[in-house]
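Let's take a walk through a protein model together. Keep the picture open and follow along as we go from a sheet to the cores.

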Amino acid sequence: MEHADKNIDWDKLLALSDGDLSGEDIMNLTEEEREQLRVAVELKLRIKEEQLLARFPVEEGWKRFQNRPKVHRTIFSYWKMAAAILLLLTSSITVWLFTTKKTQTPQLANYTPSHKAEIRLANGKVLVLCDSAETEKQGIVDIKATNNAVVYAANNASNTTVRVDTLIVPRGNKVSLELSDGTKVTLNAASSLIFPSSFNGNTRSVTLTGEGYFEVNGNENSPFIVQTAGINVKVLGTAFNVNAYDQTIYTTLVNGKVQVATPGKLTVLKPGEQHLYDITDRKEEITKVETPLYTAWQEGIVYFEHSSLLSITKVLSRDYDYDFVFNDKELMDAQFRLEIPHPTSLQLLLDQISRISGNITFTVKNRVVYIDKK
Amino acid sequence: MFQPDINRSENFEELFRLHYSNLCVTAYYVVGDEETAKDIVQDFFLYCWNKRNALSIANFASYASRSVRNASLNYIKKAGRIDFEPPETIVVRAEQIPDEDYQPDESKNAALWAAISRLPEQRQRIFLMSNKDELKYKDIADKLGISINTVKTQIKLAYQFLRKECDWVIKILIFINFLP
């Protein structure tokens with residue numbers, strides 16, 4: 001099918017898709033450009049979205065249908081709508097085009113996360129971690145998976161093939177994993193670990209993205225190595241935390257001894273020390289830290305010390321699978337100290353921050369929290 | 001062929017349960033907002049319920065999917081108005097639109113990924129960095145050590161190719177334009 005490409009100003013459209021958005025540009029699009037933009041938005045949604053079905057549970061829909069509430073729909077103009085979609089997609093923080101009805105009851109931030117953690121086995125099989133326990137026999141290990149815990153137990157089968165499995169933990173989840181050598185790993189939200197189902201070589205090597213807390217079963221003859229995008233952490237029997245979400249990789253040693261290998265340098269850490277490595281400029285640094293601040297997450301404790309609201313919301317968006325939008329940018333720098341053991345919902349934390357600050361309000365719409373000054 | 005008598009409420013509930021989530025996803029791809037998608041699908045089933053005497057559709061999945069997609073497209077075009085096509089007209093149109101045109105969203109997405117995989121390697125990489133990893137053109141250019149104009153050209157070519165390969169993204173819209 002031919003489409004009228006000559007009426008499309010690609011420079012303008014590409015700038016729009018890249019998030020350089022201005023209201024004027026949007027109003028002046030040709031029919032063909034609007035069409036192309038709509039197609040681009042749909043392609044992007046299809047590429048970005050996995051397991052979408054889970055976001056539309058039948059039970060909820062059926063209940064709603066039976067109650068048949070009058071549907072309150074906000075009236076957008078198409079271009080406000082398209083702009084709103086693009087804004088959401090590009091995580092931009094402007095929401096001036098978005099006009100919502102004032103009569104709606106406020107939503108609470110108490111959704112359960114939209115995705116479940118899963119293990120991708122070497123043979124292509126996928127185990128989704130859900131409430132009912134699943135057991136899987138795979139060669140020389142038995143895998144037992146429940147909602148938030150996975151255990152790899154060595155059995156007595158005499159098969160020596162080592163397979164490599166992947167545990168994927170999406171936003172809003174946290175999973176504890178016991179490897180076949182007895183090493184315990186807690187994986188934080190938005191993280192993954194690639195690991196062999198059993199260990200039989202001179203080294204025990206796993207690959208981490210995101211954040212993990214490791215309690216390694218000591219074995220002099222077979223060092224345990226955690227690989228991330230920028231560094232390797234070689235373990236000599238110990239408990240430590242690796243945070244590799246962003247440009248800077250933080251390795252925090254609780255007890256024992258680890259050796260951090262960056263390109264061209266080896267550093268041995270002592271308990272209470274934290275190693276920082278910047279992937280881009282390859283700078284590294286060692287500081288003394290209060291380790292609980294970096295390991296509290298794996299016990300389910302929300303713990304921040306003099307942290308900016310921006311850095312807090314970054315962590316909360318991973319932990320609870322919500323996005324945050326600062327309508328008032330000044331608030332990004334507001335400093336907080338928070339220590340809340342086992343909060344049951346994000347709403348609880350938002351209420352707490354609101355209360356401490358006295359001048360911050362949070363408005364929840366679906367999976368987005370908008371932050372304003374009172 | 002399965003022909004539900006949706007006049008009976010238990011059959012209606014069955015239809016609802018069978019198609020609700022899929023239809024929400026169909027709407028979501030167009031409107032980009034979860035709540036709006038749910039509203040559109042809820043309205044669609046209300047519409048079906050009210051029209052249940054006239055509704056006797058051989059292939060409900062195909063009718064529902066088309067109807068919800070068209071309504072979603074209408075919604076974004078016509079500033080929030082939702083119109084569903086009367087089931088009678090669908091029966092007539094069924095002769096004009098071959099049913100092979102109906103593809104569930106999973107197979108559309110699979111087709112999209114297949115098309116993406118047919119892009120030249122560099123173009124595919126750039127397109128995904130922009131659309132999946134949400135990197136800015138400038139960051140992509142820096143990362144790959146190429147000029148920002150090369151990035152833009154590659155993304156434009158990717159859009160043109162994908163639009164041609166995945167013509168269902170626009171197909172139904174054209175069909176809509178023929179509606180009175």
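Strand 22 of chain A and strand 23 (residues 368-373) of chain A pair in the antiparallel sense, over 6 bridges. Strands here are DSSP runs of E with at least two residues, helices are runs of H or I with at least four, and both are numbered from the N terminus; two strands pair if DSSP finds at least two bridges between them. One such bridge links Val364(A) to Val369(A) in strand 23.

This is a predicted model, where local features need pLDDT of at least 70, side-chain atom pairs count only at pLDDT 80 or more, and totals for chains, interfaces and linings use all residues. Residues are numbered from 1 along each chain as its sequence is written, while chains are lettered from A and ligands numbered from 1 in the order in which they are written.

Next, the cores. A nonpolar core is a set of buried Ala, Val, Leu, Ile, Met, Phe, Trp, Tyr and Cys residues joined through C-beta atoms within 7 Å; buried means that 20 or more other C-beta atoms lie within 10 Å of a residue's own, with C-beta atoms placed from the backbone. The largest core has 37 residues, and Leu167(A), Val175(A), Leu177(A) and Leu193(A) touch the most other members.

Over in chain B, you'll find 9 helices and 0 strands. Of its 180 residues, 34% count as buried.

Notes. A residue is buried if 20 or more other C-beta atoms lie within 10 Å of its own, exposed if 12 or fewer, and partly exposed in between; C-beta atoms are placed from the backbone.
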